[in-house]
Amino acid sequence: MMICSYNILTIDDDPTILDAYASILIPYQKTSLEDAVLQLEELHNIERSDIEPIEKSMNFKIYQANNGLSGIDIFLQKYKEGLTIPVCIVDMRMPNGIDGLETALRLKQIDPCVHIIIATAYSDRTNKEILDALKNNTYYIRKPFNSEEIYQLVYSLSLSYYATKTIQQLNNDLELKIEEELEKNRQKDLLLFEQAKLAAMGEMIGNIAHQWRQPLNILSLLFQKIYFMHKNNSLDAEIIDSVQNQAMDTISHMSQTIDDFRGHFEPNKEKVYYDLSSVINSTVTLLEPSFNLAGVSIEMSMQDGIRLYGFADDLKQVLLNILNNARDAIVSNKIADGKIILKTMLMSDAQEVFIKIDDNGGGISEQNINKIFEPYFTTKHKSQGTGIGLYMSRRIVEERLNGTIAASSVNQNTSFGILFPITTSLKDTDGK
Ligand SMILES: Nc1ncnc2c1ncn2[C@@H]1O[C@H](COP(=O)(O)OP(=O)(O)OP(=O)(O)O)[C@@H](O)[C@H]1O
Ligand SMILES: [Mg+2]
C-alpha cells in the first residue's frame, strides 16, 4: 500500500486538544501482539486471519502551535522551504494574541489554496461570519468532535488540495507549452517573411542589372565619342553640350530605376488609395526588360478605374511572385513564344476584384498542383527557388486582402486567379 505523507498544522491553546489531533491523524501502528500472530501464521502457512492491519493510506505529519501567531510562523517557514501544508485545523477562540478567524485569514494570504478547518466549542462569531470572511476552502467543526469525521475530513481535504495544485501545475505547464509553440510559429513566420523578401529582392536586383545594361552601354559610347573627337581635335562646345545632355538623361533614367526598385521594397507605412492598373503597370514595367530578354511577352487587358485602399506593396509582392514563376516556367521549358496574359476585372456587381494571370510555360502536373501553395514546395534547383513564393502569396491574399488565390493548369498553360472583395479594401480596416 502506498503511504503518502501530508503536512497538517494544528493550532489550539489547549495542549490536550493538540494531542488529540495528533493521535487521530498519526499513522496506524501494528501492536506487538498483532505482529506476533502474523509471524506465527506465516511460519505455519496458516491462512491469513482477520488480524490483517487496516493500514491507513495517509501518513500525516503533524505540526502544532499553541497560538495563532506561532502557527502562522510555522506555516510561513514551511511555505518558504517549499513544504506545503494542505490543511490547518485552527481553534476559534485563543486567549493570547489573534483569534482563529484572523489566523485563518493570514494563512490564506500566504497560500490561498490552503484548506482551513475552524474548530470551536462555542463561537463569538457566527458560522456565516466565518465562512464569509474566509470564502472558499473553509470548514467548520464543533467540539467535542468525532475522531473518524476529523480523519476523513483532513484526508479528503489533503487529497483535494493536491488535486487542485496538480491541475494548476498542469494548466501552467500547458500555458507555457502553448506560449512556446506560438513563439516558435511566430519565429518561423518571421523567417519565412524574411526569406520571401530576400528572394524577391534578389529577383529585383537581377531586374535592375538588366535595366542598367542598356544605359551603361550608352554612357560608355558617349565617353568613347568624346575621347576620339578630342583626339581628332574635332570636339567643340556644341558636341560637349549634346553629350552632356544625353549623359544626364541616361543617368536620370538609371536613377529612376533605383527609385522604382526602392519604392517596391520600402514597406508602406500607411494604407493609401491606389489605382489597380497603375500598380500593375509599374510592376510590369519593372520586370519587362528582363522578361523581354528571356523572350517572354506580357499582354495586359485591364478594366480601368479600379480604385483600392490598403497596402499596395502586398499586391505587388503577389504579382511579382506569380509573374516570376511564369517566366521561370517558360524559360526552363524552353517555350518559343512565351506569353503571359494579365487581366483585371470587377465582379459581383463591382463588389469584388478579379486578377487573372495566364501563361503558356508548360503547365503544372496534376500531382504538383495541390502542393504549390505549401511552404518550401519547389521543383526548382536550390539556387533558383526556395518554394515560399506562392505560400507567402496565398497568406498575403488571405490575411491582408481577405481574398482567395487559386491555380489551375490545362495542357501547357497555367492560370492563377486572385479574387478579393473591394469593400474590405475600400473601407478603413486599420488595425485589422
Ligand atoms: N506558372 C507556373 N508554371 C509552372 N509551374 C509553376 C508556376 N508557378 C508555380 N509553379 C510551380 O510551383 C512551385 C512553387 O512555386 P513558389 O513560387 O512557391 O516557389 P519557387 O518559385 O519554386 O521558389 P521561390 O518563389 O521561393 O523562389 C514552383 O517550384 C513550380 O514548380
Ligand atoms: Mg516563386
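This is a predicted model: local features need pLDDT of at least 70, side-chain atom pairs count only at pLDDT 80 or more; totals for chains, interfaces and linings use all residues.
Close-up 1. Four residues lie between the strands in the hairpin of E9 and E10, where Ser-348 takes a positive phi near 45°.

**Close-up 2. The largest nonpolar core.** This core has 38 residues, and Ile-340 and Ile-355 have the most contacts inside it (a core is a set of buried Ala, Val, Leu, Ile, Met, Phe, Trp, Tyr and Cys residues joined through side-chain atoms within 4.5 Å; buried means under 20% relative accessible area, with a 1.4 Å probe and protein chains only). Helix H9 (312–332) is among the elements that each supply at least two residues, and its nine are the largest share.

**Close-up 3. Helices H3 and H4.** H3 (residues 68–80) and H4 (residues 100–110) pack at an angle of about 10°, with axes 10 Å apart (axes are lines fitted to C-alpha atoms over the stretch in contact, and angles run from 0 to 180 degrees between N-to-C directions). The two helices are therefore roughly parallel (angles under 35 degrees).

Residues are numbered from 1 along each chain as its sequence is written, and side-chain values use heavy atoms, without hydrogens and water. Local features need pLDDT of at least 70, and side-chain atom pairs count only at pLDDT 80 or more, while totals for chains, interfaces and linings use all residues.

How values were computed. Chains are lettered from A and ligands numbered from 1 in the order in which they are written. Angles under 35 degrees count as roughly parallel, over 145 as roughly antiparallel, 65 to 115 as roughly perpendicular and the rest as oblique. Buried means under 20% relative accessible area, exposed over 50%, partly exposed in between (1.4 Å probe, protein chains only). Two strands pair if DSSP finds at least two bridges between them.
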